[in-house]
Amino acid sequence: MAPGLFKCVECNEDANELHRDYSNGILKITICGSCKKPVDKYIEYDPVIILIDATLCKIQAFRHILFNTEINIHWKLCVFCLLCEAYLRWSLLQGSQSSDDPADIIRYTKEWEFYCMFALAALELAVFCIGVLFILWTVQRFRGSSLEFTPLLKALLLSSYGKVLLIPAVIWEHDFSPLCFSLIRLFVLTSNSQAIRVILNCSRRLSLLSVCGGLLLETWVAQALKTLQVCSQDYLSML
């Protein structure tokens with residue numbers, strides 16, 4: 001990583017290095033010139049500890065992951081999260097379409113339905129990201145500053161890792177599954193808001209506003225698609 005691209009996890013100031021490598025393998029953590037604390041304490045931590053702090057939405061852990069590491073798995077993580085969400089929707093769809101007719105259970109039909117659920121989840125995620133980025137772009141333009149979309153999009157995709165929890169919630173299904181799904185959704189939105197705060201170094205109000213705006217746009221598009229699907233089914237049944 002080029003010099004000047006590191007960030008202090010405590011005060012968000014720029015830093016040229018995270019540690020200094022002396023002879024005989026001796027490393028000394030760099031001290032931030034602004035807050036007089038280690039620039040990045042997490043370089044000494046076990047990855048499990050970092051993951052726990054990220055799960056707790058600690059802003060220091062988010063700064064370490066987004067600024068001081070070279071993690072480029074956001075697209076792979078995005079596809080995996082979409083697969084998890086598509087599996088959840090597909091399993092709920094199969095549970096609501098119970099039938100005793102063996103001819104109704106066709107493997108290719110089930111596979112096509114899963115692909116449709118994946119495409120729907122991808123569309124809703126794209127709409128959510130567009131809504132968030134548009135609100136942030138509008139606010140930043142009103143303030144007279146520019147907005148870099150690439151790091152924001154990467155942060156949004158990485159902070160959606162909580163969607164992998166949908167798989168255990170579906171496998172170990174119980175009476176509280178709907179509550180679990182709602183809590184997972186809330187956790188993902190909270191992580192998205194924290195990631196936006198880290199990238200833009202903005203207020204919590206702005207990050208929450210952008211996330212809520214993206215969620216409203218996503219919900220509106222989802223409802224519009226459901227209405228369109230119902231209307232098309234009614235039209236086909238009349239033919």
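The model is predicted: local features need pLDDT of at least 70, side-chain atom pairs count only at pLDDT 80 or more, and totals for chains, interfaces and linings use all residues. Residues are numbered from 1 along each chain as its sequence is written, and side-chain values use heavy atoms, with hydrogens and water left out. The largest pocket holds about 990 Å³ of space. The largest nonpolar core has 37 residues.

**Largest pocket**

- A pocket is an open set of points on a 1 Å grid over the protein atoms alone, with protein on both sides within 12 Å along at least five of seven lines; lining residues have an atom within 4 Å of a point.
- A volume is the space filled by probe spheres set on the points, which are joined across faces, edges and corners.
- The largest pocket has 27 lining residues, and those closest to its centre are Arg89, Met117, Leu120, Glu124 and Lys226.
- Helix 3, helix 4, helix 7 and helix 8 each give two or more residues to this lining.
- Helices (H or I, at least four residues) and strands (E, at least two) are DSSP runs, numbered from the N terminus.
- Helix 8 provides the largest share of the lining, nine residues.
- The lining divides into 14 nonpolar, five polar and eight charged residues.
- Here Ala, Val, Leu, Ile, Met, Phe, Trp, Tyr, Cys and Pro count as nonpolar, Asp, Glu, Lys and Arg as charged, and the others, Gly among them, as polar.

**Cavities**

- A cavity is a set of grid points where a 1.4 Å probe fits but cannot get out.
- The count comes to two cavities of 30 Å³ or more.
- The largest cavity has about 60 Å³ of space.
- Its lining includes Glu85, Glu124, Phe128, Arg185 and Glu218.
- Helix 4 (107–142) and helix 7 (177–200) give two or more residues to that lining.
- Helix 4 gives the most, with four residues.
- By class, this lining has four nonpolar, two polar and five charged residues.
- The second largest cavity has a volume of about 30 Å³.
- Cys78, Cys81, Leu125, Leu157, Ser160 and Lys163 line the second largest cavity.
- Four of these residues are nonpolar, one is polar and one is charged.

**Nonpolar cores**

- A nonpolar core is a set of buried Ala, Val, Leu, Ile, Met, Phe, Trp, Tyr and Cys residues joined through side-chain atoms within 4.5 Å.
- Buried means under 20% relative accessible area, exposed over 50%, and partly exposed in between (1.4 Å probe, protein chains only).
- In the largest core, Leu66, Leu136, Leu152 and Ile196 have the most contacts inside it.
- Helix 4 supplies the largest share of this core, eight residues.
- Domain 1 (6–68) and domain 2 (73–238) both give residues to this core, so it lies between them.
- The domain bounds come from an automatic or database domain assignment.
- Leu136 touches Leu147, Leu152, Ile196, Leu200, Leu206 and Ser210, not counting residues up to four places away in sequence; contact means heavy atoms within 4.5 Å.
- Another core lies apart, with seven residues, among them Leu166, Ala169, Val170 and Ile184.

**Two asparagines in loops**

- Asn12 is in the loop between strand 1 (6–7) and strand 2 (14–15).
- Asn12 has a positive phi, near 70°, in a residue other than glycine.
- Asn12 counts as buried, at 11% relative accessibility.
- Asn201 sits in the loop between helix 7 and helix 8.
- Phi of Asn201 is also positive, near 55°.
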